[in-house]
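Trainee: Could you take me through how the pieces of this model pack together? I am new to it.

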Amino acid sequence: MDAGGLDSDGRGFSSSREMWREEIGIGEAEGGSKRHEWYRKGIAYWQAVEASVDGVLGGYGHVNEVDVKGSEAFLNTLLPNRFGTERRHLVALDCGSGIGRVTKNLLLRYFNEVDLVEPVSHFLEAARENLALDGDSEKDAHKAVNFYCVPLQEFTPEAGRYDVIWIQWCVGQLPDDDFISFFKRAKAGLKPNGLFVVKENIARKGFVLDKEDHSITRSDLYFKELFNQCGLYIYSTKDQKGFPEEIFPVKMYALVTEKPKVASNRRAKTQRHKPAVIKS
Ligand code: SAH
């Protein structure tokens, strides 16, 4: 990623490489300890946050409903196309699940089993409590099954278990190299036809480094370059609508491991002979 970026204090970086070299010491001898510090500070930030919807949404608890509606509309465009219209047993993984907000309000309504992975233990405990009431013992009930207290950079999903791996508002905690290795490992966790959904804040250009929670907000182009390096293809995308104006725009990406056939080829063909706008 060549574009420059900013940090939350307004300082500029000429490239993401420069920023990562400073933050996690890529290419430096003490790289290991800087990376350790990056993650330690990120976790410390979240450990001090209240285990509530308002807490995990950074004081924007009121966007929960709009967020869930937007996600649900997107999921509804994906499920029939990927898994058919007949009811079958579906399994999802909620990554960086926090207190289980996405699992409770969305995933459990569509998936028979949902696993949660979250490194901050008081969030995961709250998730366990929030979701305990939702489970029941009926055959093929919808329930939260496994609760893994691990950060994504150390997590490997069980092979072939998931139809959907949902990653929302947490992948900015991972530097590019850990981002790429996580997705490469996690691909093996998908069932045939399975997919990733990534729902994240989007920077207008390059990236914005958040010095408080030690995360980065990437641009759409930055995400696309990383997905490409992960060997993932964009199946579809959607912009989240209806969020307050002062916050970052939010985008949803559905990602698959095989090159999508019809739709994108056709688009590529029609665009081949057209001039393209150069976006700065
Ligand atoms: N996805 C949830 C929570 C968002 S808040 C939701 O949309 O409601 C961001 C979450 O990322 C927090 O729960 C935080 O603990 C988690 N997180 C922080 N560092 C992480 C890491 N390295 N790997 C996975 N999750 C992380």
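**Helices and sheet**

Mentor: Helix H7 (residues 176-187) and helix H8 (residues 220-230) have axes that come within 9 Å and cross at roughly 50 degrees. Axes are lines fitted to C-alpha atoms, for helices over the stretch in contact, and angles run from 0 to 180 degrees between N-to-C directions. Helices (H or I, at least four residues) and strands (E, at least two) are DSSP runs, numbered from the N terminus. This is a predicted model, in which local features need pLDDT of at least 70 and side-chain atom pairs count only at pLDDT 80 or more. Residues are numbered from 1 along each chain as its sequence is written.

Trainee: Which hand does the crossing of H7 and H8 have?

Mentor: The crossing of H7 and H8 is right-handed, that is, the near helix is turned clockwise from the far one by less than a right angle.

Trainee: Which residues of H7 and H8 make the contact?

Mentor: Among them are Phe179, Ile180 and Phe183 of H7 and Phe223, Leu226 and Phe227 of H8, where contact means heavy atoms within 4.5 Å.

Trainee: Now the sheet: in what order do the seven strands come?

Mentor: The order is E5-E4-E3-E6-E7-E11-E10, in an open sheet with mixed pairing; two strands pair if DSSP finds at least two bridges between them. Strand E5 (143-148) and strand E10 (233-239) are at the edges with a single partner strand each, so one side of each has no neighbour in the sheet.

Trainee: How many bridges join E10 to E11?

Mentor: Six bridges join E10 to strand E11 (residues 250-256), and the two run antiparallel. Asp239 has Lys251 in E11 as its bridge partner.

Conventions: Heavy atoms only, no water.
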